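Please walk me through this protein chain. I would like to know about its strands, its salt bridges and its open spaces.

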Amino acid sequence: MLEPQANRVMGLEEWEERWQVNRIGFHQLNVHEMLKNNINKVLAGRTGVRFFVPLCGKSVDMKWLADMGHSVVGVEISEKGIRQFFEESNLTYSEEPVPAIPGAKVYKSSEKNISLYQCDLYSFSSSIEGQFGAIWDRGSLVAINPKDREKYASLMMSLMDKECKYLLMTFLYNPELYKGPPFFVPNEQVHSLFGNSCDIELLQSVDGLTEKHRGWGLDFLTENAHLIIPKSN
């Protein structure tokens, strides 16, 4: 089932162009229901958790998490998306270069504990911001090029501290009907990517088919929420 999308590639410049022409159908105006429904599982009684949000765009989820007292670090290629996040959240921010990543900038909120890095995700590492107690992956694994998934999983696992709770969203649909993104990621692949070093629990599975997805030619679409936790030694 992975074959139809295996060689699909979207370059960073294509994502940049989508932001420039406002083709950002992936952006949601409200906090994601699966995050709200499963936040207690992610927090596991903890306060002041450090969240990592890969390919964060201008997700309103980040402000919601920061308002709860957590800190948020995001990575996004689009400067426009990052600036719009702060402006639409009514947050003032500063920007500065990131010496460890040539050409990268980090944008930091003055009021909330939010830092957004404008760079290629694969340029980011734990040497920049340490490890995290939580990861919220709403549209990142499903957006990266399918051939990069093992590299991506390695990066995510390197960013997880030993208490980390990684909430991952994936989509199931017939990949012969739609080329993506968002891409089809079967549960078996989640286990093959993360299962050697992490325990994986399917927290929620919902019918996510909308008129938009019907317009893509799909007849079903399932949204899955997985909780990924490092195995205790």
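Strand E2 and strand E5 (residues 114-118) run parallel and are joined by five bridges. Two strands count as paired if DSSP finds at least two bridges between them. Helices (H or I, at least four residues) and strands (E, at least two) are DSSP runs, numbered from the N terminus. Valine 75 has tyrosine 117 as its bridge partner in E5.

This is a predicted model, in which local features need pLDDT of at least 70, side-chain atom pairs count only at pLDDT 80 or more, and totals for chains, interfaces and linings use all residues. Residues are numbered from 1 along each chain as its sequence is written, and side-chain values use heavy atoms, with hydrogens and water left out.

E2 also pairs with strand E1 (residues 50-53): four bridges join them, and the two run parallel. Here glycine 74 in E2 is the bridge partner of valine 53. The chain gets from E1 to E2 through helix H3 (residues 61-67), in a right-handed β-α-β crossover. Right-handed means that, with the strands pointing away from the viewer, the path from the first strand over the helix to the second runs clockwise.

How many of the residues of E2 are buried? Six of six, so strand E2 (residues 71-76) is mostly covered, where buried means under 20% relative accessible area, exposed over 50% and partly exposed in between (1.4 Å probe, protein chains only). Ser71, Val73 and Val75 point one way, while Val72, Gly74 and Glu76 point the other way.

Next come the charged pairs. Side chains of opposite charge can pair when their charged atoms come close. The structure holds 12 salt bridges. Each is a side-chain nitrogen of Lys or Arg within 4 Å of a carboxyl oxygen of Asp or Glu.

Glutamate 201 is partly exposed, at 37% relative accessibility. Lysine 41 is partly exposed too, at 42%.

Arginine 214 and glutamate 211 both lie in helix H8, three residues apart, about one turn of the helix. Glutamate 211 is exposed, at 62% relative accessible area, whereas arginine 214 is partly exposed, at 45%. Elsewhere, Glu79, Arg83, Glu95 and Lys105 are linked in a network of salt bridges.

Now the open spaces. On a 1 Å grid over the protein atoms alone, a cavity is a set of points where a 1.4 Å probe fits but cannot get out; a pocket is an open set with protein on both sides within 12 Å along at least five of seven lines; lining residues have an atom within 4 Å of a point. The largest pocket is lined by 48 residues, with Trp15, Phe26, Gly139, Ala143 and Pro181 nearest its centre. Helix H1 gives the most to this lining, with four residues. The largest cavity is lined by Gln28, Asn30, His32, Ser59, Val60, Asp61 and Arg138.
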